[in-house]
Amino acid sequence: MATRLLELDGLQAGYGRRPVLFDVGLTVAKGEIVALFGHNGAGKTTMLNSIFGRVKPTSGTITFDGQAITGTKGIVNVKRGMTLIPAEHFTFQDLTVLDNLRLGAYNESSRQVIDQRIQQSYELFPILEERSKQLAGTMSGGQQRMLSIAIALMTGPKLLLLDEPSLGLSPALVQQMMDAIGRLAKEQGLSVLMVEQNVVQTLGVVDRAYFMRGGRIILEERAEELRGRDSYWDLF
Ligand SMILES: Nc1ncnc2c1ncn2[C@@H]1O[C@H](COP(=O)(O)OP(=O)(O)OP(=O)(O)O)[C@@H](O)[C@H]1O
């Protein structure tokens with residue numbers, strides 16, 4: 001069996017007294033790309049936020065890279081090798097693309113490693129090199145989305161938690177982003193847990209998917225089986 005990087009067991013979480021996630025179990029192996037599908041309000045973002053430590057679980061366990069991390073704060077999780085890219089942009093609007101990337105590597109002191117990661121960002125998203133001196137706030141929504149992902153990769157993560165990477169992007173840009181994510185997993189062993197509503201475009205890159213409804217996982221299936229289905233609507 002592939003080595004597990006992330007494991008959720010019996011996870012429950014919510015807001016105030018309102019439970020949102022119920023008895024969730026989920027795994028992500030090293031180098032695996034896993035999708036989390038579901039309609040609006042199914043609990044997908046709450047799941048990512050619970051893993052990252054933005055929402056405190058009420059019961060259940062989260063294990064990351066062999067360590068229990070249930071309820072651990074995001075800043076600590078980043079140090080352990082996990083990073084979350086929320087659906088909204090998080091670029092520093094008044095800084096250049098290059099300065100945004102440098103700031104992303106706040107946890108790394110080696111100049112050589114930082115330069116290597118910047119180079120890697122440019123290889124993944126060539127537009128960032130072309131626009132390296134442009135202020136992030138003047139970039140298009142799609143370009144800022146790519147910059148958000150590149151900033152997160154500057155921390156050198158083992159696991160990327162990605163919330164709706166295709167949101168607001170043209171199909172061509174979604175394809176480019178999915179290709180980049182696939183390369184990171186294949187070439188560097190990066191693991192990805194990706195929340196998406198766009199099943200068709202996501203299936204090209206993922207290894208496995210979970211479907212959520214009403215805060216519960218209702219189905220887990222390998223991508224090759226999913227690709228063989230005529231329709232996905234009955235799975236939501
Ligand atoms: N900060 C919050 N405070 C209270 N309730 C919240 C909060 N964030 C989300 N919820 C509620 O939790 C439930 C699950 O929301 P969540 O955002 O996790 O779903 P989702 O599957 O990611 O949906 P979407 O695709 O619309 O983002 C919803 O009923 C939502 O209203």
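This is a predicted model: local features need pLDDT of at least 70, side-chain atom pairs count only at pLDDT 80 or more; totals for chains, interfaces and linings use all residues.
Now for the neighbours. Strand β3 (residues 33-37) pairs with β8 in the parallel sense, over five bridges. In that pairing, F37 sits opposite E196 of β8. Strand β7 (residues 159-163) is also joined to β8 by five bridges, and these two strands run parallel as well. Here L160 is the residue that stands opposite V192 in β8. To get from β7 to β8, the chain passes through helix α7 (residues 171-188), making a right-handed β-α-β crossover.

There's an antiparallel sheet to look at too. It is an open sheet of four strands in the order β2-β1-β4-β5, with antiparallel pairing. The edge positions go to β2 (18-29) and β5 (67-68); each has a single partner strand, so one side of each is left without a neighbour in the sheet. Further in, β1 (residues 4-15) and β4 (residues 59-64) run antiparallel and are joined by five bridges. Q12 stands opposite S59 in β4.

Here are the strand pairings side by side:

| Strand | Partner | Sense | Bridges |
|---|---|---|---|
| β3 (residues 33-37) | β8 | parallel | five bridges |
| β7 (residues 159-163) | β8 | parallel | five bridges |
| β1 (residues 4-15) | β4 (residues 59-64) | antiparallel | five bridges |

In general, strands of a sheet pair through backbone hydrogen bonds, in either the parallel or the antiparallel sense.

On to the ligand. Which residues are around the ligand? They are Y15, V20, G38, N40, G41, A42, G43, K44, T45 and T46. By type, the shell divides into three nonpolar residues, six polar ones and one charged. Helix α1 (residues 44-52) supplies the largest share of this shell, with three residues.

Finally, the annotation. An unreviewed UniProt entry lists residues 6-235 as "domain: ABC transporter". In the model, that span is 37% helix and 27% strand, and its end C-alpha atoms lie 24 Å apart.

Key. Residues are numbered from 1 along each chain as its sequence is written. A residue is near a molecule or strand if its C-beta atom, placed from the backbone, lies within 6 Å of it. Ala, Val, Leu, Ile, Met, Phe, Trp, Tyr, Cys and Pro count as nonpolar, Asp, Glu, Lys and Arg as charged, and the others, Gly among them, as polar. Two strands pair if DSSP finds at least two bridges between them. A crossover is right-handed if, with the strands pointing away from the viewer, the path from the first strand over the helix to the second runs clockwise. UniProt positions are given in the numbering used here, feature names are shortened, and annotations may be inferred rather than shown by experiment.
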